[in-house]
Amino acid sequence: MLGSVTKGERRGTRNLRIVFGWLLFFVTSSVAVAGMPPAGSFDNAACISCHEQQDSALVKAWQISAHAKDKPVANCISCHGNSHNRAASKARRDKTCINCHGGYKSPVVHSYAYSKHGLILRIEKNKWDWTQPLAHANYRTPGCAYCHMHAGGHNVSAMIRDPDLLKENGKQIKSIKDATRQVCQDCHAPRYISRLFDNGEKMLEIARMKVREARDLLLQAKKQYTAKELEPAEKRYQEMQSVYLKNVYLGIAHQSPDYQWWYGQPALDGDLLRIKGAINELGRIKNVNLSQQAQCAR
Amino acid sequence: MKTKKVRYIWIPIIVILIAVPAGFYYVNWSESGAGAGLYSRDWSPAAIFAYWDPDDFYKSVKTMTGVYKGKQCVSCHEAITPGIVKDWRKSRHSKAKKVVYCSDCHGHDHQNLHLPTPKICGGCHTTEHADFEGEKRFGFPSHALAMDRALDAKHFVDKPKAEVTACLQCHSVATKCDSCHTRHLFSVAEARRPEGCITCHSGPPHPDDETYFGSKHGQIYLAEGDSWDWSKPLRKGNYKVPTCAYCHMNRSKHQVAEKSIWKFGLKQVNPLTSGNEVKREKWVKLCSDCHKPDWARQQLTKMDTERKHAWKKLYAAESVLKDLRRKGQLFPSAKQRPPYPTDSEDAFFQIERIGFFEGQASAFYNISPIERDYFNMWYFDNLGAYKGAAHGDAVFVRKGHAAMDSDLENIRRNANVLRTLSEAEKKVGIKPKADAFWKHGEYTDYNREHN
């Protein structure tokens with residue numbers, strides 16, 4: 001009958017399927033063996049010489065990044081280990097980055113670790129499949145590498161600002177924003193991202209205003225008082241710049257409310273008013289001394 | 001005589017008849033500004049606030065038109081925002097018998113989308129929402145009233161809005177459920193773990209993270225927590241040690257303020273009022289899931305003792321400050337610096353604010369250094385010691401009290417300087433001169449012009 005299949009015919013197609021299946025297995029596995037990375041251990045030069053031929057853009061991206069330019073250099077082996085065994089999945093995990101970036105308590109790590117991203121990663125990371133590429137929201141929340149090495153991009157500096165946050169380069173900021181936007185959009189709505197960026201920019205500028213206010217105060221004060229007299233105020237100014245301003249930046253970049261606020265803005269307020277207090281106190285002492293001298297002279 | 005009395009009764013009646021509607025009218029009027037809350041007429045929101053307090057500030061995006069069904073949302077957004085769809089696919093919403101689609105919470109009409117508020121979630125999760133709303137009866141601080149607390153804080157009203165965005169990010173726990181059950185997985189298990197709480201419950205005024213992780217409970221959690229089954233409800237026998245939620249949201253009751261006695265720790269309370277005794281018995285009952293009731297009672301008493309010591313130190317510092325104020329030795333004085341948040345500069349009566357009841361919680365900038373010293377002692381070191389005592393971290397208690405001791409010493413030393421200086425000035429017959437920079441400077445000016 002048309003459309004019906006006899007038992008013999010069914011057996012025939014099954015045999016055919018088995019043969020075809022085995023054939024497919026041999027073909028794919030031999031291709032896989034040919035394309036497999038070589039076993040054994042390698043030094044950095046060996047990694048570069050081979051990978052330059054395979055993906056020169058990747059090597060170049062690393063070469064222009066802070067990982068290659070700054071000392072100590074973070075080379076292939078620093079993150080991937082010296083063999084091809086789990087080389088990629090190992091490097092994708094936060095632990096790889098944190099060891100060099102100051103440990104869990106350093107502001108750069110802590111600000112991320114306490115964001116919603118960081119805390120969700122902390123409780124879910126062992127259930128995730130780290131062999132997946134760092135793109136297309138393959139991970140529920142981003143770890144360090146998901147953003148800073150998105151889609152395997154090896155220029156970690158692409159999203160990092162100039163360390164001197166008081167000097168800003170408009171062109172650099174635009175390229176940073178464009179790169180970051182691409183990553184955030186894997187999960188977040190474009191309007192949300194834009195507003196977050198704009199707001200962050202304003203928040204950072206407010207922190208800068210506080211630092212600049214302190215700087216101008218000190219510049220004025222230097223005309224009247226010695227460096228030694230101004231030492232405590234100067235120390236506070238340095239703290240504003242190197243700790244709290246940076247904290248605000250990290251809080252915005254890593255979405256940590258603690259760093260935006262508690263370790264940032266009110267801390268800047270505190271230093272600013274103490275600098276004012278210290279300078280004004282010098283003025284009061286000076287005035288008292290002057291009047292005393294005047295009275296004595298009389 | 002009798003008729004006179006009857007006539008007089010009309011005076012209070014008329015006053016009440018005028019005052020009550022006038023009061024209502026005034027509150028309505030003050031809440032009708034560009035911002036929100038009691039001071040809404042004094043400030044305008046930043047665009048990002050829409051995402052932290054959707055009810056007050058969110059307006060739908062108008063770039064897309066059309067009315068869509070749930071499946072259509074998914075198929076489009078799978079390409080636009082894959083992370084959202086992936087999360088949703090893993091969630092119970094996507095696996096329910098009657099699937100909960102995007103449109104069920106966000107609306108169908110792309111010209112009129114909304115962000116889900118507790119009310120929308122409460123449409124299905126009725127018990128949780130009713131509990132959550134019910135928390136309001138405990139007053140501040142609580143999750144349910146957190147947004148009101150932020151919007152009505154004077155420093156929030158006064159500061160440029162971009163600066164205080166982080167406030168709303170945490171205080172949005174009142175206005176959206178994904179603070180704890182993060183979108184779009186909305187996991188119950190996630191919220192049961194301390195990691196669900198500590199993005200906000202951390203930092204100097206509430207080191208709930210450090211003090212819990214420093215306690216025996218927390219140490220055991222850190223060592224073993226990853227291997228526990230977090231799908232189990234928060235009740236006796238299910239967890240080896242308690243987590244934040246086990247104690248503060250026991251049996252999943254969405255009322256963290258239910259048992260709080262010392263609350264935020266910003267003011268001294270009498271822990272032995274009848275109301276607080278009832279709360280204490282609730283704690284004892286909870287601790288008895290694992291411990292002997294007497295032992296639990298002892299621990300709670302220990303905490304009261306710690307608080308008593310802390311307040312002795314705080315009052316000592318306050319009295320130093322108040323003594324300076326009485327003698328006019330606080331410098332710069334209230335008149336020599338920018339006005340307090342929401343105050344006007346030419347206000348008739350200006351006085352330095354010291355302690356909780358005078359509103360010092362909003363005054364941590366534009367004040368004199370010694371007042372800020374006290375703020376740090378009170379708001380950071382004191383609260384750290386409190387959380388150490390509450391969560392069972394003895395090291396944190398010790399550190400907090402050591403810090404308070406040195407704060408107090410520091411305040412006394414600085415008070416001496418102020419006293420000596422002002423006495424010396426008096427002797428030579430000059431007045432303390434406040435420099436112009438107290439009232440003017442790049443940020444100081446910007447702050448006053450931008451609410």
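Student: Which domains is chain B divided into?

Tutor: Domain bounds come from an automatic or database domain assignment. Here, chain B is divided into domain 1 (114–256) and domain 2 (297–449). Keep in mind that this is a predicted model, where local features need pLDDT of at least 70 and side-chain atom pairs count only at pLDDT 80 or more, while totals for chains, interfaces and linings use all residues. Residues are numbered from 1 along each chain as its sequence is written, and chains are lettered from A in the order in which they are written.

Student: How many Å separate the centres of those two domains of chain B?

Tutor: Taken over C-alpha atoms, the centres of domain 1 and domain 2 of chain B are 30 Å apart. Domain 1 of chain B puts 19 residues into the contact and domain 2 of chain B puts in 17. Two residues are in contact if their C-beta atoms, placed from the backbone, lie within 7 Å.

Student: Which helix gives the most to the domain 1 side?

Tutor: Helices are DSSP runs (H or I, at least four residues), numbered from the N terminus, and strands are E runs of at least two. On the side of domain 1 of chain B that touches domain 2, H11 (154–158), H14 (208–214) and H15 (216–224) each supply at least two residues. H14(B) gives the most, with 5 residues.

Student: How many nonpolar, polar and charged residues are on that side?

Tutor: Ala, Val, Leu, Ile, Met, Phe, Trp, Tyr, Cys and Pro count as nonpolar, Asp, Glu, Lys and Arg as charged, and the others, Gly among them, as polar. That side of domain 1 of chain B has 7 nonpolar, 6 polar and 6 charged residues.

Student: Now chain A. Where do its domains lie?

Tutor: Chain A has domain 1 (44–160) and domain 2 (187–297), with 34 Å between their centres over C-alpha atoms. In chain A, 8 residues of domain 1 are in contact with 10 residues of domain 2. Helix H8 (residues 107–113) of chain A gives the most to the domain 1 side, with 4 residues.

Student: How many helices and strands does chain A have?

Tutor: Chain A has 15 helices and 0 strands.

Student: And how many residues does each chain bring to the contact between A and B?

Tutor: Chain B brings 53 residues and chain A brings 54. Helices that each supply at least two residues on the chain B side include H19 (369–391) and H20 (394–428). By class, that chain B side divides into 29 nonpolar, 12 polar and 12 charged residues.
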